[in-house]
Amino acid sequence: MKTHVGSSLQEAASLGSGGRLRVLRTVAAHFARTGLRGTTLSMLASAAGIPESILYAGFGNKERLFREAVANNIDTRLRLLEARMLSATYESETIAVQRIAEATVTVCVGSAGNSILTSWALLEDHDYAADLYRNEIGSVEFLWNQALSERFGNSPSRRILSIQLVPYAVSACLAYGFWLAALRHDAGGAAAMAQGFVAGIGQTASALLSGRAKPGYDRSPHGRVPDEDVEGMPRLSVPDVGKGD
């Protein structure tokens, strides 16, 4: 005779990997609207169309489900970004930087990889999410360098960009993308908003490669890039660009 718990476990197992992923995406969309504290397990079960007992048996409590959804959200965003980088063509280093920067910003507002969920996590489950976000920054930096290396090899210009631009551009692009997602921009709106932002990063890359910029960046004591770009967002700033021209 099956017990209730045993039955629930069997039903949860019957979801399979595909069903589990569908449930994660469904609850992620719900968490993105109401956050961790504003969501109940019964609400999530209803949204997923499965009994609460199966949701609990398959994923554990609400907090564990939230964390798994956040981790899956970041993994999805990284996969989408990598796919976009691999499919793009780059005529020059500066164009490559601009297109990679645009992809990094706009992937944050895409439906599957929308960063709102991660933003909720940084607010409501900070200790857990902060480590994930730091890892995401490192992973995106790796993808930038991988894309530049595959296209431009170990050239001096690629090394300049990897050292003097990429670490700062990655952080700025993710921050901007998260900001656009928090304002509920759709993909089209975000792409339009990103044009001026990524153009500024492209100008910084061009200045570095032409030798018109000194190595490094002026940064505030708190690690924020000074000055402002589009609608109050921070932008990269290279000291002495054009000085003496």
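The legends below describe close-up views of a predicted model.

Figure 1. The protein chain has eleven helices and zero strands. Read from the N terminus, its elements run α-α-α-α-α-α-α-α-α-α-α. The chain holds 245 residues, and 44% of them count as buried. Take the contacts between residues at least 6 apart in sequence: 71% of these join residues at least 24 apart.

**Figure 2. Helix α3 and the glycine that follows.** Helix α3 covers residues 41–48. L41, L44 and A45 are buried here. Viewed down the axis of α3, these buried residues fall within an arc of 100°, so they line one face of the helix. An α-helix has 3.6 residues a turn, so residues three or four places apart point the same way. Just after α3 comes G49, with a positive phi of about 75°.

**Figure 3. Packing of α5 against α7.** Two packed helices are described by the angle between their axes and the distance between the axes. For α5 (residues 62–87) and α7 (residues 116–124), the angle is about 135° and the axes are 9 Å apart. Roughly antiparallel would need an angle over 145 degrees. The angle therefore makes α5 oblique to α7. The crossing of α5 past α7 is left-handed. From α5, the contact draws on F66, A69, V70, N73, I74 and R77. From α7, L117, T118, W120 and A121 take part. By class, the residues of this contact divide into seven nonpolar, two polar and one charged.

**Figure 4. Packing of α6 against α8.** Helix α6 spans residues 93–106, and helix α8 spans residues 126–152. Their axes come within 11 Å and cross at roughly 150°. That angle makes α6 roughly antiparallel to α8. Here the crossing is right-handed. On the α6 side, the contact is made by E93, A96, V97, I100, A101 and T104. On the α8 side, V140, W144, A147, L148 and F152 contribute. The contact of α6 with α8 has nine nonpolar, one polar and one charged residues.

Figure 5. E136 sits in helix α8. Its relative accessible area is 1%, so E136 is buried. Leaving out residues up to four places away in sequence, E136 touches I74, R77, L78, L174 and F178. I74 and R77 also belong to the contact of α5 with α7.

Figure 6. L86 is placed in helix α5. With a relative accessible area of 53%, L86 is exposed. The cut-off for exposed is over 50%. L86 and Q146 are 60 residues apart along the chain. Their C-alpha atoms are separated by 9.7 Å.

Figure 7. Most residues other than glycine have a negative phi. R184 has a positive phi, near 65°, in a residue other than glycine. R184 lies in the loop that joins α10 (166–182) to α11 (187–210). Its relative accessibility is 52%, so R184 counts as exposed.

Technical notes. Residues are numbered from 1 along each chain as its sequence is written. This is a predicted model: local features need pLDDT of at least 70, side-chain atom pairs count only at pLDDT 80 or more; totals for chains, interfaces and linings use all residues. Side-chain values use heavy atoms; hydrogens and water are left out. Buried means under 20% relative accessible area, exposed over 50%, partly exposed in between (1.4 Å probe, protein chains only). Helices (H or I, at least four residues) and strands (E, at least two) are DSSP runs, numbered from the N terminus. The arc is that of the directions from the helix axis to the C-beta atoms. Axes are lines fitted to C-alpha atoms, for helices over the stretch in contact, and angles run from 0 to 180 degrees between N-to-C directions. Angles under 35 degrees count as roughly parallel, over 145 as roughly antiparallel, 65 to 115 as roughly perpendicular and the rest as oblique. A crossing is left-handed if the near helix is turned anticlockwise from the far one by less than a right angle, and right-handed if clockwise. Contact means heavy atoms within 4.5 Å. Ala, Val, Leu, Ile, Met, Phe, Trp, Tyr, Cys and Pro count as nonpolar, Asp, Glu, Lys and Arg as charged, and the others, Gly among them, as polar.
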